[in-house]
Amino acid sequence: MPAGSAAASGLPEFADDETVIVLGLCGALRRLKAGDVVIYARAVDGSRLFEHDPLLIDALRTVLPNAAIVTACTTDRVVTRVTARTVLAERFDADVVDMESTYLAAALAARGVRFAMVRVISDDASRDLPAIGDAVDAGGRVQLLRIALAFARAPVAAFAFVRDVRRALAVLTAMARAIGSLSV
């Protein structure tokens, strides 16, 4: 699925009675660490707020008992600076940030699909990331050359980021298996 606003156009068709659980990665805006699992209670951006299905959230808590229930904010780019994360946390009273949640929530709600979002923290709010803020183009495609250049300019930050993303992906895999056993 493409990143950012393009994610909504990448959704497949769903049956009328289908339940969708969106899985992915997100960044922490406060207190959470790489590898932590979060279940979205709501997602917000500059103009919209989407409350998520409380019954589905409760069902997810049964298979993900250590997951934090959070508010997510959606931005149009990767947030790389600690100072920017602090501003977003305060502005939206949010715990995490991603590039897709409100776009996906709007598209799924418009289709009348029951949904929830579960993510794994890939980067915490304690340190700046390499300058990869423009690493995703308008079509939602990752720009590998931009990432490589940013990593070359900040190798220590790049190493920490890659380590944390690898940890998050391992947790995401395990989490997907746990959710696969969920009956909703």
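Mentor: Let's start with a cut-off: two residues are in contact when they have heavy atoms within 4.5 Å of each other. With that in hand, we can look at this predicted model.

Trainee: Gladly! Which residues of H5 and H6 meet?

Mentor: On the H5 side they are Phe151, Ala152 and Arg153, and on the H6 side Pro155, Ala158, Phe161 and Val162. By class, the residues of this contact are 6 nonpolar, no polar and 1 charged.

Trainee: Let's turn to Leu108, in helix H4. How do you know whether Leu108 is buried or exposed?

Mentor: Buried means under 20% relative accessible area. Leu108 has 0%, so Leu108 is buried. Not counting residues up to four places away in sequence, Leu108 touches Leu11, Phe14, Val20, Val22, Val113 and Phe115. One of these, Phe14, is 94 residues from Leu108 along the chain, with 9.3 Å between their C-alpha atoms.

Trainee: Where is Ala67, and why is Ala67 called buried?

Mentor: Ala67 sits in the loop between helix H2 and strand E4. Its relative accessible area is 6%, which is under the 20% cut-off, so Ala67 is buried. Leaving aside neighbours within four places in sequence, Ala67 is in contact with Val37, Ile39 and Arg61. Val87 is 20 residues from Ala67 along the chain, and their C-alpha atoms are separated by 24 Å.

Trainee: What makes Arg31 and Asp93 count as exposed?

Mentor: Exposed means over 50% relative accessible area. Arg31 has 52%, so Arg31 passes. Asp93 has 54%, so Asp93 passes as well. Arg31 lies in the loop between E1 and strand E2, while Asp93 lies in the loop between helix H3 and E5.

Trainee: What is the phi of each?

Mentor: Phi of Arg31 is near 45°, and phi of Asp93 is near 50°. Each is a positive value in a residue other than glycine.

Trainee: Last topic, the largest pocket. How many residues line the pocket, and which lie nearest its centre?

Mentor: The lining has 39 residues, with Ala3, Leu25, Val78, Met99 and Glu100 nearest the centre. Strands E1, E5 and E6 and helices H5 and H6 each give two or more residues to this lining. E1 gives the most, with 7 residues. The pocket holds about 800 Å³ of space.

Trainee: What is the make-up of that lining?

Mentor: The lining divides into 27 nonpolar, 5 polar and 7 charged residues. Leu25, Val78 and Met99 lie among those nearest the centre, and Leu, Val and Met count as nonpolar.

Notes:
Residues numbered from 1 in each chain as written. Predicted model: local features only at pLDDT ≥ 70, side-chain atom pairs only at ≥ 80, totals over all residues. Heavy atoms only, no water. 1 Å grid on protein atoms, 1.4 Å probe; cavity = no way out; pocket = protein on both sides within 12 Å on 5 of 7 lines; lining within 4 Å. Points joined across faces, edges and corners; volume = space filled by probe spheres on them. Helix = DSSP H or I, 4+ residues; strand = E, 2+ residues; numbered from the N terminus. Buried < 20%, exposed > 50% of the residue type's maximum accessible area, 1.4 Å probe, protein only.
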